[in-house]
Amino acid sequence: MFQTEWMDGNKIERPKILAVLHQERSSTGRVGQLLLEAGFSLDIRRPPLGDVLPETLEDHAGAVIFGGPMSANDPEEFVKQETDWLSVPLAENKPFLGICLGAQMLANHLGGSVAPHPDGLVEIGWYPLEPTAAGKALMDWPSMVYHFHREGFDLPKSATLLATGNTYANQAFRYGKNAWGVQFHAELTRAMMQRWVVRGSERFSLCGAQQGRDHLEGRMIHDAILKAWLHRFLGIVFGAPVTA
């Protein structure tokens, strides 16, 4: 479960978190930064580029599956393999966090469905978030969060809805003790958001999407609260103090 590192001649044992990314230049962003600061190490794998996921998480303290431009319903083999692989953290009761695509894969694995909005609406930009009673009992939540998706997910059976939204009702959920899914992105650094705005600009014409300037202006207003939430949330998910 530990990765050995050396610092100033001293041996340091860091618990490993499996981080699953979906593009060559994808980054773990703030999630990775905060986990490193909390004393974890990152085992980064990119299944679309041929990386294999471990058969067990006995050597890891948990796992995160990040987002990507693909759909959880795509026919590519790595999508099916990742979705099926979620039986590993669930069976071993290891902390798992799915972000956007990762949350949709978890929903699919648990028998829910992933699909576009019936009215063709997307969430690309900043949108309101409302915690449920269960979410409020867990922690304080930001009132605005950042999105970049064209599909949403049904709430899986036996899962607990933690937060909801106006366009896509299911925004965050918990399954069992240690599996979590969030539809929105709290992990983006400013540099990451700028790249997304430039590379994803063709999506700003979709129904309900916000223009790039609104993404960056919204960050100046809402990001500090979203970042503080992420600190606390990662501490809850991975059972380690992740402090600002």
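Visitor: Where is Gln 183 found, between which elements?

Guide: Gln 183 is in the loop between β13 (179–182) and α6 (190–199). Helices (H or I, at least four residues) and strands (E, at least two) are DSSP runs, numbered from the N terminus. This is a predicted model, in which local features need pLDDT of at least 70, side-chain atom pairs count only at pLDDT 80 or more, and totals for chains, interfaces and linings use all residues. Residues are numbered from 1 along each chain as its sequence is written, and side-chain values use heavy atoms, with hydrogens and water left out.

Visitor: Why is Gln 183 called buried?

Guide: Its relative accessible area is 0%. Buried means under 20%, exposed over 50%, and partly exposed in between (1.4 Å probe, protein chains only), so Gln 183 counts as buried.

Visitor: What makes a polar contact of the side chains of Gln 183 and Gln 104?

Guide: The two side chains make this contact at 3.3 Å. The term requires a pair of N or O atoms within 3.5 Å; within protein, one must be able to donate a hydrogen and the other to accept it, and residues adjacent in sequence count only if both atoms are side-chain atoms.

Visitor: What residues does Arg 45 touch?

Guide: Arg 45 is in strand β3 (residues 41–45). Not counting residues up to four places away in sequence, it touches several residues, including Leu 18, Asp 51 and His 60; contact means heavy atoms within 4.5 Å. The C-alpha atoms of Arg 45 and Leu 18 are separated by 7.5 Å, though 27 residues apart along the chain.
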